[in-house]
Amino acid sequence: MDGKITERLIKLRKEHNLSQEQLADELGVSRQAVSKWERGEASPDTDNLIALARLYGTSLDGLIFDAHAEPEAKEEEKCELTERETAAEINEEKEEAERSHMDTAEGVVAGVIVFLSCIVFFLLGGVWGLWHPGWIVFLAVPVLPTAVSAIKKRDHKIFCYPVLVTAVYLLLGCQWGLWHPWWVVFLTIPVYYIIGDFFKKS
């Protein structure tokens, strides 16, 4: 693809304050596709050209030929712009790779927790006959991974605190019959979020 067209695609995206990932979401394509367009390794098809023109509020001629283009920048300025764009693309690709590795790790952890929960459940049921309330161990499946994610990302809202409270209440009720007055544990849910928001802002 022509180098001037790739420069216009980058320029228009930046003018509209869009990252490659955001533009990809708008068009319904992958971020890698947008990256290839801007590196000149591939060209948008007709449908994507029309979608880009609509998104940027220009005609196809304006998108492809840049009818109102400003005078060309000096060669040094072009080199600097290309270097900055390349560095930004590399950073975006690194961030995407890190997110992909993190998602994979979280998936593995979730799988291990499911497996361990099954083992614990069958041990409780088979050895001690605690099929009920042993099933409560499966509530650990969403609780443990979200606890790890909440600590890593420092966002208390990721943690499935309501599920933990439900597990505690069911254990108290099923095992020891303490349905009342331990329903009050549910009142800690709004308190948890209020305190979390307070410390996040401070």
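This note goes through the fold, surface, nonpolar patch and cysteines of a predicted model.

1. Fold. The protein has eleven helices and zero strands. Its pattern along the sequence is accordingly written α-α-α-α-α-α-α-α-α-α-α. One of the helices is helix 6, which covers residues 75-128.

2. Contacts. Counting contacts in the protein with a separation of 6 or more, 55% are between residues 24 or more positions apart.

3. Burial and surface. The protein has 202 residues, and 26% of them count as buried. Its accessible surface is about 13,500 Å². Carbon and sulfur atoms supply 64% of that area.

4. Nonpolar patch. A nonpolar patch on the surface is formed by Val108, Val112, Phe115, Leu116, Ile119, Leu123, Val127, Trp128 and Leu130. Together these residues have about 860 Å² of accessible area.

5. Val127. This member of the patch lies in helix 6. Its relative accessibility is 53%. Val127 therefore counts as exposed, because the cut-off for that class is over 50%.

6. Cysteines. The structure contains zero disulfides. Cys160 has a relative accessible area of 21%, and Cys174 has a relative accessibility of 23%. Buried means under 20%, so Cys160 at 21% is classed as partly exposed. Cys174, at 23%, is likewise partly exposed.

Key. Residues numbered from 1 in each chain as written. Predicted model: local features only at pLDDT ≥ 70, side-chain atom pairs only at ≥ 80, totals over all residues. Heavy atoms only, no water. Disulfide = S-S within 2.5 Å. Buried < 20%, exposed > 50% of the residue type's maximum accessible area, 1.4 Å probe, protein only. Patch = residues over 30% accessible without salt bridge, like charges linked within 9 Å, V, L, I, M, F, W, Y side chains within 5 Å. Areas by Shrake-Rupley, 256 points an atom, 1.4 Å probe, with all protein chains shown as cover. Salt bridge = Lys/Arg side-chain N within 4 Å of Asp/Glu carboxyl O. Helix = DSSP H or I, 4+ residues; strand = E, 2+ residues; numbered from the N terminus. Contact = heavy atoms within 4.5 Å.
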